Amino acid sequence: TLFKHIQQGDSVTVVALSDAEGLTNLKPMEEIGETNKKEMMAAAEVLGLKDIRFWGYADTYIQNTHDLRLELNHLIREVKPEIIITHWPKDTLSDLRETGMAAIDAAFNALLVTGLWVEKLPSHWTSKMYGFQHPGVSLGFKATTFVDISEVVETKIEALDCFKIQI
(Lines give C-alpha, C1' and ligand atoms only; values in the text may rest on other atoms or scores of the structure.)
Protein backbone atom coordinates (compact mmCIF):
# COMPACT_ATOMS: atom_id res chain seq x y z
CA THR A 1 0.00 0.00 0.00
CA LEU A 2 2.80 2.42 0.91
CA PHE A 3 4.67 1.54 -2.29
CA LYS A 4 1.58 2.25 -4.39
CA HIS A 5 1.26 5.68 -2.74
CA ILE A 6 4.96 6.37 -3.38
CA GLN A 7 4.52 5.32 -7.03
CA GLN A 8 1.66 7.83 -7.34
CA GLY A 9 3.97 10.57 -6.11
CA ASP A 10 2.39 10.85 -2.67
CA SER A 11 4.56 11.92 0.23
CA VAL A 12 4.76 9.03 2.73
CA THR A 13 6.09 9.27 6.29
CA VAL A 14 6.56 6.19 8.47
CA VAL A 15 7.06 6.41 12.22
CA ALA A 16 8.52 3.46 14.12
CA LEU A 17 7.71 4.15 17.74
CA SER A 18 10.10 1.43 18.92
CA ASP A 19 13.08 -0.38 17.43
CA ALA A 20 11.28 -3.69 18.16
CA GLU A 21 14.21 -4.80 20.28
CA GLY A 22 11.98 -7.37 21.97
CA LEU A 23 11.38 -9.41 18.78
CA THR A 24 13.39 -12.38 20.03
CA ASN A 25 15.57 -13.45 22.91
CA LEU A 26 18.17 -15.08 20.64
CA LYS A 27 20.41 -11.98 20.71
CA PRO A 28 20.99 -9.02 23.05
CA MET A 29 18.14 -6.49 22.85
CA GLU A 30 20.40 -3.63 21.70
CA GLU A 31 21.68 -5.75 18.82
CA ILE A 32 18.15 -6.73 17.82
CA GLY A 33 17.00 -3.10 17.85
CA GLU A 34 19.92 -1.92 15.72
CA THR A 35 19.49 -4.83 13.30
CA ASN A 36 15.78 -4.17 12.99
CA LYS A 37 16.41 -0.47 12.24
CA LYS A 38 18.94 -1.38 9.52
CA GLU A 39 16.51 -3.86 8.02
CA MET A 40 13.70 -1.29 8.13
CA MET A 41 15.95 1.17 6.28
CA ALA A 42 16.79 -1.50 3.67
CA ALA A 43 13.07 -2.19 3.15
CA ALA A 44 12.42 1.57 2.93
CA GLU A 45 15.04 1.81 0.19
CA VAL A 46 13.33 -0.98 -1.78
CA LEU A 47 10.03 0.91 -1.51
CA GLY A 48 11.53 4.32 -2.27
CA LEU A 49 10.45 5.55 1.15
CA LYS A 50 12.40 8.70 2.04
CA ASP A 51 10.90 9.74 5.39
CA ILE A 52 11.18 7.10 8.12
CA ARG A 53 11.44 8.22 11.72
CA PHE A 54 12.62 6.16 14.66
CA TRP A 55 11.34 7.47 17.98
CA GLY A 56 13.07 4.99 20.28
CA TYR A 57 10.26 4.05 22.65
CA ALA A 58 11.08 0.87 24.57
CA ASP A 59 9.53 -2.22 23.01
CA THR A 60 6.53 -3.52 25.01
CA TYR A 61 6.34 -0.26 27.01
CA ILE A 62 4.39 1.93 24.58
CA GLN A 63 1.37 3.54 26.18
CA ASN A 64 -1.20 6.03 24.94
CA THR A 65 0.12 8.84 27.15
CA HIS A 66 -0.35 12.58 26.91
CA ASP A 67 3.29 12.94 25.85
CA LEU A 68 2.96 10.41 23.01
CA ARG A 69 -0.27 12.01 21.81
CA LEU A 70 1.40 15.42 21.89
CA GLU A 71 4.37 14.12 19.86
CA LEU A 72 2.08 12.50 17.30
CA ASN A 73 -0.08 15.62 17.21
CA HIS A 74 2.98 17.72 16.33
CA LEU A 75 3.97 15.22 13.63
CA ILE A 76 0.49 15.32 12.10
CA ARG A 77 0.58 19.12 12.08
CA GLU A 78 4.05 19.04 10.50
CA VAL A 79 3.41 16.40 7.83
CA LYS A 80 -0.26 17.28 7.18
CA PRO A 81 -1.34 13.80 6.07
CA GLU A 82 -4.51 13.22 4.09
CA ILE A 83 -4.48 9.59 5.26
CA ILE A 84 -3.17 7.95 8.42
CA ILE A 85 -2.60 4.21 8.46
CA THR A 86 -1.98 2.86 11.95
CA HIS A 87 -2.39 -0.23 14.07
CA TRP A 88 -5.90 -1.42 14.83
CA PRO A 89 -6.83 0.04 18.24
CA LYS A 90 -8.12 -3.30 19.54
CA ASP A 91 -4.97 -5.27 18.66
CA THR A 92 -4.07 -8.11 21.00
CA LEU A 93 -0.49 -6.79 21.39
CA SER A 94 -0.43 -3.89 23.83
CA ASP A 95 2.19 -1.83 21.96
CA LEU A 96 0.22 -2.00 18.73
CA ARG A 97 -3.13 -1.35 20.45
CA GLU A 98 -1.73 1.65 22.35
CA THR A 99 -0.13 2.99 19.16
CA GLY A 100 -3.45 2.79 17.31
CA MET A 101 -5.32 4.58 20.09
CA ALA A 102 -2.63 7.27 20.42
CA ALA A 103 -2.77 7.90 16.66
CA ILE A 104 -6.55 8.28 16.75
CA ASP A 105 -6.37 10.64 19.73
CA ALA A 106 -3.54 12.65 18.18
CA ALA A 107 -5.44 13.03 14.90
CA PHE A 108 -8.35 14.50 16.83
CA ASN A 109 -6.04 16.72 18.88
CA ALA A 110 -4.44 17.98 15.66
CA LEU A 111 -7.79 19.64 14.93
CA LEU A 112 -7.70 21.72 18.11
CA VAL A 113 -6.88 25.41 17.92
CA THR A 114 -5.95 26.19 21.55
CA GLY A 115 -3.73 24.78 24.28
CA LEU A 116 -0.55 22.72 24.18
CA TRP A 117 -1.64 21.08 20.95
CA VAL A 118 -1.01 24.22 18.91
CA GLU A 119 2.24 25.50 20.43
CA LYS A 120 4.28 24.71 17.31
CA LEU A 121 2.03 24.43 14.26
CA PRO A 122 -1.51 25.27 13.12
CA SER A 123 -4.29 22.69 13.21
CA HIS A 124 -4.69 20.02 10.54
CA TRP A 125 -7.62 17.87 9.44
CA THR A 126 -6.75 14.32 8.33
CA SER A 127 -9.51 13.17 6.01
CA LYS A 128 -9.06 9.37 6.35
CA MET A 129 -7.69 7.02 8.97
CA TYR A 130 -7.27 3.26 8.67
CA GLY A 131 -6.37 0.63 11.24
CA PHE A 132 -4.66 -2.48 9.94
CA GLN A 133 -4.38 -5.95 11.40
CA HIS A 134 -3.96 -9.57 10.43
CA PRO A 135 -7.34 -11.23 11.13
CA GLY A 136 -5.64 -14.38 12.38
CA VAL A 137 -3.89 -12.71 15.30
CA SER A 138 -6.59 -10.57 16.84
CA LEU A 139 -10.12 -11.28 17.98
CA GLY A 140 -12.95 -9.35 16.38
CA PHE A 141 -11.05 -7.73 13.52
CA LYS A 142 -13.04 -7.57 10.30
CA ALA A 143 -11.36 -5.91 7.35
CA THR A 144 -13.55 -3.40 5.52
CA THR A 145 -10.98 -1.95 3.13
CA PHE A 146 -8.77 -3.93 0.77
CA VAL A 147 -5.95 -2.66 -1.40
CA ASP A 148 -5.09 -4.61 -4.54
CA ILE A 149 -1.30 -4.91 -4.53
CA SER A 150 -1.12 -7.66 -7.15
CA GLU A 151 0.89 -5.50 -9.57
CA VAL A 152 3.47 -4.64 -6.87
CA VAL A 153 3.55 -7.88 -4.87
CA GLU A 154 7.09 -8.68 -6.04
CA THR A 155 8.29 -5.39 -4.55
CA LYS A 156 6.48 -6.22 -1.31
CA ILE A 157 8.24 -9.58 -1.18
CA GLU A 158 11.59 -7.90 -1.85
CA ALA A 159 10.96 -5.44 1.00
CA LEU A 160 9.84 -8.24 3.34
CA ASP A 161 13.01 -10.18 2.51
CA CYS A 162 14.97 -7.34 4.13
CA PHE A 163 13.67 -8.41 7.55
CA LYS A 164 16.02 -11.34 8.18
CA ILE A 165 15.83 -10.91 11.97
CA GLN A 166 12.14 -11.77 11.95
CA ILE A 167 12.50 -14.90 9.82
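Mentor: The model is predicted.

Trainee: Which elements does the chain have, and in what order do they run?

Mentor: There are 5 helices and 4 strands. From the N terminus the order is α-β-α-β-α-β-α-β-α.

Trainee: Why is the chain called as compact as a globular protein of its length?

Mentor: Set the value against the rule. The globule rule gives 15 Å for 167 residues, and the radius of gyration is 16 Å; that is close, so the chain is as compact as a globular protein of that length. Along its principal axes, the C-alpha trace spans about 45 × 40 × 35 Å.

Trainee: How many of the contacts between residues at least 6 apart in sequence join residues at least 24 apart?

Mentor: The figure is 73%. A contact means heavy atoms within 4.5 Å.

Trainee: What makes W88 and F141 an aromatic pair, and why is it called edge-to-face?

Mentor: Two cut-offs decide. Ring centres must lie within 6.5 Å, and here they are 5.0 Å apart, so the rings pair. Planes over 60 degrees apart count as edge-to-face; these stand at 75 degrees, so the label holds. A search of the whole structure finds 1 aromatic pair.

Trainee: Where do the two partners sit in the chain?

Mentor: W88 is in the loop between β3 (83–87) and α4 (94–109). F141 is in the loop between β4 (128–132) and α5 (153–160). They are 53 residues apart, so the pair links distant parts of the chain.

Trainee: How do you know whether W88 and F141 are buried or exposed?

Mentor: Buried means under 20% relative accessible area. W88 has 14%, so W88 is buried. F141 has 13%, so F141 counts as buried too. Across the chain, buried residues make up 37% of the 167.

Trainee: What about T144: buried or exposed?

Mentor: The cut-off for exposed is over 50%. T144 has 73% relative accessibility, so T144 counts as exposed. T144 lies in the loop between β4 and α5.

Trainee: How far is the C-alpha atom of T144 from that of F132?

Mentor: The separation is 10.0 Å, with the two residues 12 apart along the chain.

Key:
Residues numbered from 1 in each chain as written. Predicted model: local features only at pLDDT ≥ 70, side-chain atom pairs only at ≥ 80, totals over all residues. Heavy atoms only, no water. Helix = DSSP H or I, 4+ residues; strand = E, 2+ residues; numbered from the N terminus. Rg over C-alpha atoms; globule rule 2.2 N^0.38 Å. Buried < 20%, exposed > 50% of the residue type's maximum accessible area, 1.4 Å probe, protein only. Phe/Tyr/Trp six-rings, centres within 6.5 Å; stacked < 30°, edge-to-face > 60°.
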